[in-house]
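Dear colleague,

Please find below the sequence and the structure that I am handing over to you. My notes on the pocket and on the helix contact follow.

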Amino acid sequence: MAPKGQEQSKIEDLINPVAYKSNLQALNFLRNFVAVVAGIFVGICGVVGWHGFVYHFLAQLACVVAMFLKGCTNPTSYFATWNNLLFFGVFSSTTLLSYILFWMIFYNICHVF
Amino acid sequence: MVRVSTAGLLTLSGLAGLVHTTFAVIQYRQLLKLSQEEFEALPATIVLELCISTIVALLGAYILAGPIKVIVMPAKGRNMDIGSLRTDLVSFNMRSRAMPLDIPPLQPH
């Protein structure tokens with residue numbers, strides 16, 4: 001028998017890997033799409049310079065808001081950690097390079113050629 | 001017949017709007033070149049069309065991304081199906097189980 005006063009060991013909750021992967025896929029898809037649309041927006045507006053990346057990070061922040069609107073009231077219950085929700089896919093090459101590509105293409109189409 | 005969801009239609013509409021905005025900006029700049037004026041800013045109509053198209057495209061993507069699910073399985077309410085999620089305990093069934101274990105090795109000819 002366990003002595004009185006001894007704390008019960010915490011039973012760790014299981015994480016459903018299928019749901020975890022599905023949530024990250026949804027976030028990744030949204031991040032990539034937002035990067036493309038933000039690049040198009042910024043290119044059409046004619047933004048030049050390093051401060052153009054500020055709009056990219058603002059757009060990625062909007063994805064966090066979108067996840068909260070989808071019902072993610074407690075990020076640890078949907079994405080395991082806050083870091084996953086805030087930073088997963090933000091600095092990935094796919095997202096960043098897609099943003100730069102569409103920014104460059106639409107700026108060139110609208111304002112150069 | 002191809003079935004397109006509402007979210008897909010929204011996304012396509014938003015992207016079509018963005019492409020239309022691109023053509024509008026090109027035409028505006030050509031007009032400025034003809035009238036020998038400097039480009040200062042986009043007209044309000046084009047900016048409005050750009051904003052609306054962006055919002056529609058992002059709304060379509062928001063719906064297309066799908067719902068998110070709770071990943072934590074609490075201690076109460078667990079069922080036998082979670083055994084398939086524990087990769088250490090997953091078993092595989094294949095035809096090799098039907099082969100006898102005492103097969104002699106093949107001899108080279």
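The largest pocket has a volume of about 470 Å³. Here a pocket is an open set of points on a 1 Å grid over the protein atoms alone where a 1.4 Å probe fits, with protein on both sides within 12 Å along at least five of seven lines; lining residues have an atom within 4 Å of a point. Of its 20 lining residues, V34(A), A59(A), A62(A), T54(B) and L58(B) are the closest to the centre.

This is a predicted model, in which local features need pLDDT of at least 70, side-chain atom pairs count only at pLDDT 80 or more, and totals for chains, interfaces and linings use all residues. Residues are numbered from 1 along each chain as its sequence is written, chains are lettered from A in the order in which they are written, and side-chain values use heavy atoms, without hydrogens and water.

At least two lining residues each come from α1 (17-45) and α2 (52-69) of chain A and from α2 (44-64) of chain B; helices are DSSP runs (H or I, at least four residues). The largest share, eight residues, belongs to α2(A). By class, the lining has 19 nonpolar residues, one polar and no charged.

The axes of α1(A) and α2(B), lines fitted to C-alpha atoms over the stretch in contact, come within 10 Å and cross at roughly 170°. The two helices are therefore roughly antiparallel (angles over 145 degrees).

With kind regards

Note on methods: Points joined across faces, edges and corners; volume = space filled by probe spheres on them. Nonpolar A, V, L, I, M, F, W, Y, C, P; charged D, E, K, R; others polar. Axes fitted to C-alpha atoms, helices over the stretch in contact; angles between N-to-C directions. Parallel < 35°, antiparallel > 145°, perpendicular 65-115°, else oblique.
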